[in-house]
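Dear colleague,

I am handing over the structure below, and after it I set out what was found. Please read the notes alongside the coordinates.

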Amino acid sequence: MFEGHMNAVKLLHLYGTPGLRQHVGQAVRNGALLGVWGADGTHPLRCFGVGGRLWLEGEKIFASGLGLVRLAVVTLRADDADDGLSRLALVDVSDPARQDLSSWRASGMRATASGCFAFTGLELDPGHIVGRPGDYTREPFFEGGIWRYCAAHLGGAEALVDLWRDALAARGRLDDPMQLGRYARAVGLCHAMASLLRETGHTVEAAAEDRDSIDAAVAGALLARQFVEESCVEILQLAEKSLGTAAHISGTSIERIRRDLSMFLRQAAPDAKLLQAGRLLAGAGGGGPPW
Ligand SMILES: Cc1cc2nc3c(=O)[nH]c(=O)nc-3n(C[C@H](O)[C@H](O)[C@H](O)COP(=O)(O)OP(=O)(O)OC[C@H]3O[C@@H](n4cnc5c(N)ncnc54)[C@H](O)[C@@H]3O)c2cc1C
């Protein structure tokens, strides 16, 4: 939830008008939680004008923080200019009648209160349109911004490793060579993820405006995402091997974190992201290899 909040604040900081930034700043100071809802289902979100006013139609799926998020930055299409570019708008999503939690039947990430939100019939304040068409996918902050959710994945992996060590210690199994080997491997992967994400975050946030530096930052973020996903999957397997059936007992923190992390890792279009990293690296400017 915090990552989504920071993503929304960042988008408004980058692309919002001073008036909108001031409005949101006040809301945040008063405790409002923000989110970014980009995922469309069978009824993609669109806006259209009638009688000089703007109206919304459609829904968002995978909308995290139903009942918690007050203002969501949403992606939408404009009916009168469907140029294929995504628009952004800030919408009050606090109406409980429009929230549907029943669609979230996933085994993991239940505490995120995710589900569908129905926008049809809501009026859109033109002053709440954020930036220009296409700003949402502007780099290095779109794919490049992946480092933030990877940091949240790492947090889940670290929490799992801590609980796993405590559980082994409680059973008097922590000094077993096989257990120590698995545990050390997991800690090493966490350290490697942390180092890589620290560097990736700095590179993305400090990328200059020239194409080569933006491409290098985005490729770095996409590679970091791949490494974090693979490392977290390995840590999940190591924890399960080390703990045996104890990793699967419902009602325990270990079992919940296992379920949550394995679901949370399933972010959108991972194959396409690796492919994009490969394309960027293969076409990297400067004539030399990227290392
Ligand atoms: C806990 C959680 C909270 C979330 N909260 C939000 C939120 O608040 N706001 C928001 O906007 N989104 C949110 N998302 C949704 C997220 O942005 C993605 O939309 C979602 O994770 C997509 O998952 P998927 O596995 O269905 O993806 P998919 O992209 O369908 O990926 C599944 C697999 O199919 C492959 N694949 C994808 N497209 C194709 C294709 N065309 N052909 C062949 N293979 C393909 C992928 O590479 C992958 O291997 C959340 C997701 C999770 C897990």
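**Charges and salt bridges**

The mean positions of the 30 positive and 34 negative charges of the protein lie 4 Å apart, where Lys and Arg count as positive and Asp and Glu as negative, with His and the chain ends not counted, and where each charge is placed at NZ of Lys, CZ of Arg, CG of Asp or CD of Glu. This is a predicted model, in which local features need pLDDT of at least 70 and side-chain atom pairs count only at pLDDT 80 or more, while totals for chains, interfaces and linings use all residues. Residues are numbered from 1 along each chain as its sequence is written, and side-chain values use heavy atoms, with hydrogens and water left out.

Taking a salt bridge as a side-chain nitrogen of Lys or Arg within 4 Å of a carboxyl oxygen of Asp or Glu, the count comes to 18. One of them joins Glu3 and Arg148 at 2.9 Å, N to O, and this pair links helix α1 (residues 2–15) to helix α3 (residues 146–170), 145 residues apart; helices here are DSSP runs of H or I with at least four residues, numbered from the N terminus. Arg148 is buried at 13% relative accessible area, whereas Glu3 is partly exposed at 22%, given that buried means under 20%, exposed over 50% and partly exposed in between (1.4 Å probe, protein chains only).

Another salt bridge is formed by Glu205 and Lys10, whose closest N and O atoms are 2.4 Å apart, and here helix α4 (residues 177–205) is linked to helix α1 across 195 residues.

Best regards

Terms used. Helices (H or I, at least four residues) and strands (E, at least two) are DSSP runs, numbered from the N terminus.
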